[in-house]
Amino acid sequence: MTLGLPSYGQSLAEGKRVGIIGLDTSHSLAFTKVLNGNKGNESYNGYHVIAAYPYGSKTIASSADRIPDYIDKIKEYNVSITSSIQELLGKVDVVLLETNDGRLHLEQAMEVFKSGKRVFIDKPVAASLEDAIAIFDAAKKYNVPVFSASSLRYIKGIEKLKGKIIVGADTYSPASLEPTHPDLYWYGIHGVETLFTALGPGCVSVTRTHTPYTDIVTGIWEDGKVGTFRGARSGDSGFGGTVFTDKGAIVLGPYGGYEPLLKEITIFFETGVVPVQPEETLEILAFMTAADESKNKGGKSIKLADVMKKAR
């Protein structure tokens with residue numbers, strides 16, 4: 001069964017063919033639904049998903065168990081399934097690396113870099129700061145544009161910050177844990193990226209308060225700004241925050257869906273200009289890594305520079 005969509009494949013204009021790596025996340029289906037369901041929408045620059053390689057995590061049950069069902073569902077959008085990343089790369093022009101398991105990203109990204117194709121890597125860019133550094137170093141080596149971001153970078157309210165002097169921010173999101181990933185990498189990254197979108201890079205040090213139900217991570221920025229992230233491991237906390245400016249407090253939220261991120265991704269595919277610099281993405285991961293170290297040391301303040309030096 002199909003959804004009445006045209007068969008794109010090789011008939012789609014060269015340069016617009018999107019391949020997905022990883023059908024172990026709901027993002028793969030959500031992105032395909034938006035791109036393939038908006039053929040006439042200029043916001044997405046004509047990009048359509050035509051092929052997918054399903055794997056993807058094979059060891060995280062909550063991710064791996066989705067794959068058979070997601071294979072069936074993505075086929076309804078006229079997406080062909082490939083048996084390898086190399087086969088996928090022979091069919092497409094650009095890549096969405098969606099594998100939910102960040103431990104696989106470096107290995108999978110290397111195959112894409114060697115092909116010379118532009119790639120978006122979904123959050124987290126990797127399951128360690130060391131791997132993330134290696135990914136961006138490899139992208140530079142092969143001269144391939146790449147970026148990574150959470151869709152929460154485009155949460156409603158962010159657009160109201162333009163022209164304001166920002167003095168601090170508090171953000172929040174769910175922060176469920178996955179034993180194979182550092183604590184905040186798995187889901188807390190959404191709220192952390194919101195915090196960095198509001199305040200920008202420049203965090204110097206981090207402290208973390210940890211309980212069985214909640215984490216509160218406080219960052220001190222080099223210009224004196226203070227930012228806090230609250231991560232909830234139970235209940236429906238939602239996504240949002242408050243940014244404090246010279247013109248008063250601005251509330252962030254609600255979550256605006258995947259469309260704003262996808263628009264940025266297709267502009268990136270079209271131009272090769274990355275909307276989020278590697279240095280900022282690495283600082284976000286360093287923030288979360290420092291938060292883990294602070295937790296392990298009873299809430300001690302940890303400098304991001306020390307975390308980065310150790311990772312390199």
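Helices and strands are DSSP runs numbered from the N terminus, a helix having at least four residues and a strand at least two. On this basis, isoleucine 165 of the predicted model lies in the loop between E6 and E7. Isoleucine 165 is classed as exposed because its relative accessibility is 55%. Together with Val167 and Phe244, Ile165 makes a nonpolar surface patch of about 270 Å².

Strand E7 pairs with two other strands. With strand E11 (residues 240–245), E7 runs antiparallel and is joined by 6 bridges; here aspartate 170 has threonine 242 of E11 as its bridge partner. With strand E10 (residues 226–232), the pairing of E7 is parallel and extends over 7 bridges. In E10, alanine 232 stands opposite proline 174.

The side chain of arginine 153 forms a salt bridge with that of glutamate 193, at 2.7 Å from N to O.

Helix H8 (residues 189–199) is mostly covered, with 11 of its 11 residues buried. Among the buried residues of H8 are Ile189, Val192, Leu195 and Leu199. Just after the helix, glycine 200 adopts a positive phi of about 80 degrees.

The number of aromatic pairs comes to 12. In one of them, phenylalanine 196 and tryptophan 221 are tilted, with a centre-to-centre distance of 5.3 Å and 50 degrees between the planes. This pair likewise links distant parts of the chain, with phenylalanine 196 in helix H8 and tryptophan 221 in strand E9 (residues 214–221), 25 residues apart. Phenylalanine 196 and tryptophan 221 are both buried. Tyrosine 255 and tyrosine 258, by contrast, form an edge-to-face pair, 6.2 Å from centre to centre and with 85 degrees between the planes. Tyrosine 255 is partly exposed, its relative accessible area being 29%. Both tyrosines belong to a cluster in which ring pairs link Phe31, Tyr187, Phe239, Tyr255 and Tyr258.

Across the whole structure, 13 salt bridges are found. One of these joins arginine 103 to aspartate 101, with the closest N and O atoms 2.8 Å apart. Arginine 103 has a relative accessible area of 36% and is therefore partly exposed, whereas aspartate 101, at 2%, counts as buried. A further salt bridge connects aspartate 223 and lysine 225, where the closest N and O atoms are 2.5 Å apart. Aspartate 223 counts as exposed because its relative accessibility is 52%, while lysine 225, with a relative accessible area of 10%, is buried.

As regards annotation, an unreviewed UniProt entry places the feature "domain: Gfo/Idh/MocA-like oxidoreductase N-terminal" at residues 42–147. In the model, the chain over residues 42–147 is 41% helix and 17% strand. The end C-alpha atoms of this segment are 22 Å apart.

Methods. Residues are numbered from 1 along each chain as its sequence is written. This is a predicted model: local features need pLDDT of at least 70, side-chain atom pairs count only at pLDDT 80 or more; totals for chains, interfaces and linings use all residues. Side-chain values use heavy atoms; hydrogens and water are left out. UniProt positions are given in the numbering used here, feature names are shortened, and annotations may be inferred rather than shown by experiment. Buried means under 20% relative accessible area, exposed over 50%, partly exposed in between (1.4 Å probe, protein chains only). A salt bridge is a side-chain nitrogen of Lys or Arg within 4 Å of a carboxyl oxygen of Asp or Glu. Patches are made of residues with over 30% relative accessible area and no salt bridge: like charges are joined within 9 Å, nonpolar side chains (Val, Leu, Ile, Met, Phe, Trp, Tyr) within 5 Å. Accessible areas come from the Shrake-Rupley method with a 1.4 Å probe; for residues, only the protein chains shown count as cover. Two strands pair if DSSP finds at least two bridges between them. Rings of Phe, Tyr and Trp (its six-membered ring) pair if their centres lie within 6.5 Å; planes under 30 degrees apart count as stacked, over 60 as edge-to-face and the rest as tilted.
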